[in-house]
There are 4 protein chains.
Amino acid sequence: MTQLDGGVVPPVCTPLTPERELDVPSLERLAAFLIDAGMHGLFVTGSTGEVAYLPDEVRYRTLEVVAGVAAGQVPVLAGVIDTTTPRVIAHARAARAAGADALVATAPFYAPTHPTEFPGHFRAIRAAVDLPLIAYDIPSSVGSKLPADVVAELAADGTLAALKDSSGDLEGLREVLAATDATALRCYSGSETLADLGLFLGAHGLVPGIGNVDPHGYLRLYEAARRQDWDTARAEQTRLGRLFELIRVGGPRMGRYSSAIGAFKEGLVARGVITSATTSLPMVPLDDAEREAVRRHLAEAGLL
Amino acid sequence: MTQLDGGVVPPVCTPLTPERELDVPSLERLAAFLIDAGMHGLFVTGSTGEVAYLPDEVRYRTLEVVAGVAAGQVPVLAGVIDTTTPRVIAHARAARAAGADALVATAPFYAPTHPTEFPGHFRAIRAAVDLPLIAYDIPSSVGSKLPADVVAELAADGTLAALKDSSGDLEGLREVLAATDATALRCYSGSETLADLGLFLGAHGLVPGIGNVDPHGYLRLYEAARRQDWDTARAEQTRLGRLFELIRVGGPRMGRYSSAIGAFKEGLVARGVITSATTSLPMVPLDDAEREAVRRHLAEAGLL
Amino acid sequence: MTQLDGGVVPPVCTPLTPERELDVPSLERLAAFLIDAGMHGLFVTGSTGEVAYLPDEVRYRTLEVVAGVAAGQVPVLAGVIDTTTPRVIAHARAARAAGADALVATAPFYAPTHPTEFPGHFRAIRAAVDLPLIAYDIPSSVGSKLPADVVAELAADGTLAALKDSSGDLEGLREVLAATDATALRCYSGSETLADLGLFLGAHGLVPGIGNVDPHGYLRLYEAARRQDWDTARAEQTRLGRLFELIRVGGPRMGRYSSAIGAFKEGLVARGVITSATTSLPMVPLDDAEREAVRRHLAEAGLL
Amino acid sequence: MTQLDGGVVPPVCTPLTPERELDVPSLERLAAFLIDAGMHGLFVTGSTGEVAYLPDEVRYRTLEVVAGVAAGQVPVLAGVIDTTTPRVIAHARAARAAGADALVATAPFYAPTHPTEFPGHFRAIRAAVDLPLIAYDIPSSVGSKLPADVVAELAADGTLAALKDSSGDLEGLREVLAATDATALRCYSGSETLADLGLFLGAHGLVPGIGNVDPHGYLRLYEAARRQDWDTARAEQTRLGRLFELIRVGGPRMGRYSSAIGAFKEGLVARGVITSATTSLPMVPLDDAEREAVRRHLAEAGLL
């Protein structure tokens, strides 16, 4: 079944060998681990998947491997992340060939851009490749926010099948949900720590980075919210929020992304899912004390 | 002669046909126009060259065409603009094969990054491809500023041959110039409107976008500054600053980049250098009144 | 009863005569209207009360009038909003003399400041005037966010009795609530549109600007949340969110604050509570069409 | 002679006793020191004068003391820094009574504001108190930039006599100078480190914070620029820029303003001008090692 209909869709980490090559067996184990845990889809080559670090051929190979493991059991969403329309379309074509069930594209970045240009951007991508298109709202990376009225316009005319909201702006999410209520648009929250609030507002699904490490926790949270059991949802969120603090293990000696991706991967090594916690250049690797701290976080969360 | 030693090095526009294909004859005429005007180098696939909009094969073909016209008369610098180290290195290898004399790379973007990761980024690029490396400081596009001490460290150890400063931060430029005085680093100002101030501070060269349209003006400005004739430099800058106001012709109905690139290209059409002012998707094209306004700006500047 | 123990505490508008003098009878009617509606406290000379526009003597007179009407029925909180510690302390002394039951102070502003200076700031205010102290976190006005660990430190040692969170950052609010769980700190959300989420996270009260116009709605929302009736709370929030759109009536021809304060006051005129919708200089007044639009919003919300 | 006609007008530090009272004898010595050094005016209760920290009565007393020392030899400019129009007007009246020759006011702050409201703000201040009015453009403190067209409009109609530009935006300064060329507006640069560039662009004067410590240096810079001797101006600027690095002595353990004001005052103690380097609450004081570092900076600059 490969429909986009909400649920938990983790942004899959991309395991690397110590030589920084794609580690295919680890990736296969990770995909299988997440599907077995009941995830409703897999989001490949997203920000958590180090998409910004992967050369094209690695991006497409990663997608191929995960699509092979998924084998139609759950939809595979492919991040087609690049600066502007023509470059995104090139990725979209390659992603389709590599087995993607849906495409995830941001607003343009690097090039100074403007909301008046967003509809043309998404419409051109949708017209070029016939797959469901998901808008990825991530102002911290692209420097602009997708306005609710633009999302609503593109939902109404069928350009967008879904929105992944990683803006952290719950007021904006509430506005989008109200403006698209009569459409088929599915909204996914990209927040690890406010997932319960996103679902409370009516979001249909979650895309939590640390869902790589604790998919079962996000599934419990999602299912509790579905049955309106808000006490359980909130309690699970609190537990997951504490676990998420592992992203700070690297402290000020590195960027927060180096620390977060390093910690997710170290967590997957600790849980026996992948072989190496190697991250891409120029990220700073965790040291032994930091790796130990990741394991303490997992132990406290009952994951070891 | 292909040494990087200051002077005026315009970021070459990338002419497109109305069907948005690379317009090779126009590009050849533009490269020849700029070389004939006395430019000291050509910067291909930079921000003004719509690098963020060009698929890989168009990027490399553009470079090949310009390198063919330059034929060693002036150095050809290639923008290898992408999100992080591994992707930049892929472009760097292709650029070398296509005839680049030097490479221009920014700090990482899209991926949340950090100054602690910048030295590793530039060193890995320099180590992978043996061409002079120019750091491109453009916070408005990448979201972070290259700290002066990082530039100085990378100038001192030979990683960087030059800096292109498009930060607009003259205090930062002054700091870099002081910190790299004893090194071979060449500093280029990317400002169209404060070029005289950059040279006054000791910058070695200019990379003005509107130098596509009026290369002779920037050459006069540069030469006046070289002989410390500041009255002439300032007067020329004032004239060029008025011309530069053409970037606003598109007004609020489009992004400033749509307006600026559209206006540069329209100016090149008006001057008979290229055939079409077409810009890449999803940029908004200028309308007839706006195109007329561009021509008025050129007429007032004595360029028609 | 004048204890700070959560509930709805609207930031009281400051009615002005058409000559921009304090309109005491209108202020008295407004205070009585809010107390009759069941508000748990009144916050005088806050941002909604145009504190930044009121000369000192008007600030203190406003407080005196409201304290007179409250007469101990509900606590009266006084905003002591100024740039740094010595100036805030001067207001705090005057506010105490004018009848305040508690003080509301922001982090320093205008002067470039730093989190290392925040504890000293709040401790000096608390030491100078013996009234419960409420920290007001409003980054959009002061340019910095109160870090959760600073709030927790000042809650633990008794410096702070409460926090008014107008940051819009629910992740930060969640962090503060977790970090102060064992203290007596009361947290108030300053959001008009995410009040339900704030209470869901465990906030103890609300400080909604538009609570001047519809106090009964926020009381219903608050009481539903208290009994964990989240469907009712959310539905009421949706209705209030639609009403809140009246703050945009002024559109782009004025600042958003001119539009919002003008609309709140026009709504109070429409409901017969105050006499004139006059705002302070240099705010732009609403025109007739905009005032009519405010009334339509009220009619749609069932308030006329 | 008390005309505003350019030159060096330092923003005078406000000396405090160790008990944080105004130190009148030190203030008198400082004012005399600056006048003797040839300053063309004195700017009292500016940002460097800790205006944001001074209670009203200290602000006005400071002004009275300096006006008494100046005694008409040079104009005394008074910062009337507060959040919005009515509060600024209150200060303006008091400043006039205390002997100010001109008033310096910023755009509104704290209250969310908008460029459409700026003309009304400055016009109302000018109408209320008949003294020359200087607009103070300091986006880092007030959160908005004075647009060049607003400044030009207010220069053309006589509302503004001068502009103090502390925005660091030389492109903006160039634009203002071009737009006000036909008016009587005088432009002062507030930059310590780009003063030479400001004068190169045509600014009429300087307001350098560290001019408290080294007024003679800024006078030499100004006079070299007046006679178009740019080599001398730039060399003096380089020396002063090195001296200015003393503002960083406090490092990351305090805010940059604590460090800068502490260092200026320590420098004045070291030069024998004032008695104590005490700063206002909640600023963090320099420790002994940091004070020693300030003295080393002065020694290197030849000031001890």
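Buried means under 20% relative accessible area, exposed over 50% and partly exposed in between, computed with a 1.4 Å probe on protein chains only. The model toured here is predicted: local features need pLDDT of at least 70, side-chain atom pairs count only at pLDDT 80 or more, and totals for chains, interfaces and linings use all residues. Residues are numbered from 1 along each chain as its sequence is written, chains are lettered from A and ligands numbered from 1 in the order in which they are written, and side-chain values use heavy atoms, with hydrogens and water left out.

**Confidence**

The mean for chain A is 97, and 99% of its residues reach 70 or more. For the complex, the predictor gives an ipTM of 0.97 and a pTM of 0.97.

**Stop 1: the annotated site in chain A**

Select Tyr136(A) and Lys164(A), which UniProt lists under "active site" in an unreviewed entry. UniProt positions follow the numbering used here, feature names are shortened, and annotations may be inferred rather than shown by experiment. The two residues span 29 residues in sequence, yet no two of their C-alpha atoms are more than 4.7 Å apart, so they gather at one spot.

Tyr136(A) belongs to strand 5 (residues 133–137) of chain A. Helices (H or I, at least four residues) and strands (E, at least two) are DSSP runs, numbered from the N terminus. With a relative accessible area of 3%, Tyr136(A) is buried. Next, display the surroundings of Tyr136(A), where contact means heavy atoms within 4.5 Å. Leaving aside neighbours within four places in sequence, the contacts of Tyr136(A) include Phe43(A), Ser47(A), Lys164(A) and, from chain B, Tyr110(B).

Lys164(A) sits in strand 6 (residues 162–165) of chain A and counts as buried at 7% relative accessibility. Not counting residues up to four places away in sequence, Lys164(A) touches several residues, among them Phe43(A), Tyr136(A), Tyr188(A) and Val207(A).

Now show the polar contacts, each a pair of N or O atoms within 3.5 Å; within protein, one atom must be able to donate a hydrogen and the other to accept it, and residues adjacent in sequence count only if both atoms are side-chain atoms. The side chain of Tyr136(A) makes one with the side chain of Ser47(A) at 2.9 Å. The side chain of Lys164(A) makes another with the side chain of Tyr136(A) at 3.2 Å.

**Stop 2: Ser47 in chain B**

Move to Ser47(B), in the loop between strand 2 (42–44) and helix 2 (56–70) of chain B. Its relative accessible area is 13%, so Ser47(B) is buried. Beyond neighbours within four places in sequence, Ser47(B) is in contact with Tyr110(A), Tyr136(B), Ile138(B), Tyr257(B) and Ile261(B).

**Stop 3: the arrangement of chains**

Display chains A and B together. A rotation of 180 degrees with 0.0 Å of shift along its axis superposes chain A on chain B, at an RMSD of 0.0 Å. The two copies are thus related as by a two-fold rotation axis. The same surface serves both copies, since 100% of the contact residues of chain A recur in chain B. Copies are superposed by least squares on the C-alpha atoms of residues with pLDDT of at least 70 in both.

Chain C can likewise be laid on chain D by a turn of 180 degrees and a shift of 0.0 Å along the axis, with an RMSD of 0.0 Å. Here too, 100% of the contact residues of chain C recur in chain D. Chain B and chain C do not touch, their nearest C-alpha atoms being 13 Å apart.

**Stop 4: helix 11 of chain C**

Select residues 256–270 of chain C. This helix 11 has 15 residues and reaches 21 Å from its first C-alpha to its last, close to the 21 Å expected at 1.5 Å a residue; the expected span is 1.5 Å times one less than the number of residues. Helix 11 of chain C is mostly covered, with 14 of its 15 residues buried. Just after the helix, Gly272(C) takes a positive phi of about 80 degrees.

**Stop 5: backbone features in chain D**

Centre on the bond between Leu281(D) and Pro282(D), a cis peptide bond with omega of about 0 degrees. Pro282(D) is in the loop between helix 11 (256–270) and helix 12 (288–300) of chain D.

Finish at Thr45(D), whose phi is near 50 degrees, a positive value in a residue other than glycine. Thr45(D) is buried, with a relative accessible area of 3%. Glu50(D) has a phi near 60 degrees and is buried at 0% relative accessible area.

Definitions and conventions: pLDDT = per-residue confidence, 0-100.
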